[in-house]
Amino acid sequence: MGKWFVLLLLLGCSEVYAHDARQKTDSLLNRIEHKVAGDLDYIENYKLYPTENIYTFLELDTKSGRIYQVQWSFEKREEFVIALNLVDLAESPYSNFELYPTKNIYTFILLDKFNGNTWHVQWGTEESQRMVRWIRRAR
């Protein structure tokens, strides 16, 4: 009986050790998966870009490419947010847009960092001055 008792005790201990090792590994994998999933979920959906005009910013929806002109002021009646484009420019769920200023204070270049598509972005105080126009690639 003594041999069986020792054998059962050893088997029980090895199972407890194996379960503990699996639990530690599973816990580590869960933390890694949670970290990776958390990083993928965190994408800056909106960014504000200053212009050379101290009262004007451009607000970019980084997933759709929609851009809004944001005007702030000390006078409440002079503050506004107006769309430069209401069209979703994303051709892929992986589209990720960024704005780049040019030497012209009213002009930016919009880039889809996923596929390289570019747009000419113009902001202004008058509606006729505001636009977003696709820049076609030369062949």
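Author: The discussion below turns to the fold and then to the charged residues. The model is predicted: local features need pLDDT of at least 70, side-chain atom pairs count only at pLDDT 80 or more, and totals for chains, interfaces and linings use all residues. Residues are numbered from 1 along each chain as its sequence is written, and side-chain values use heavy atoms, with hydrogens and water left out.

Reader: How many salt bridges does the whole structure contain?

Author: A salt bridge places a side-chain nitrogen of Lys or Arg within 4 Å of a carboxyl oxygen of Asp or Glu. The search finds three. In one of them, glutamate 98 pairs with lysine 47 at 3.1 Å. Glutamate 98 belongs to strand β5 and lysine 47 to strand β1, so this pair ties together parts 51 residues apart in sequence. Lysine 113 also bridges to glutamate 98, at 3.6 Å.

Reader: Is glutamate 98 buried or exposed?

Author: Buried means under 20% relative accessible area, exposed over 50%, and partly exposed in between (1.4 Å probe, protein chains only). Glutamate 98 is buried at 12%, whereas lysine 47 is partly exposed at 23%.

Reader: Which side chain of opposite charge is nearest to aspartate 61?

Author: Lys and Arg count as positive and Asp and Glu as negative; His and the chain ends are not counted. For aspartate 61, which is buried without a salt bridge, the nearest is arginine 66, 4.5 Å away.

Definitions and conventions: Helix = DSSP H or I, 4+ residues; strand = E, 2+ residues; numbered from the N terminus.
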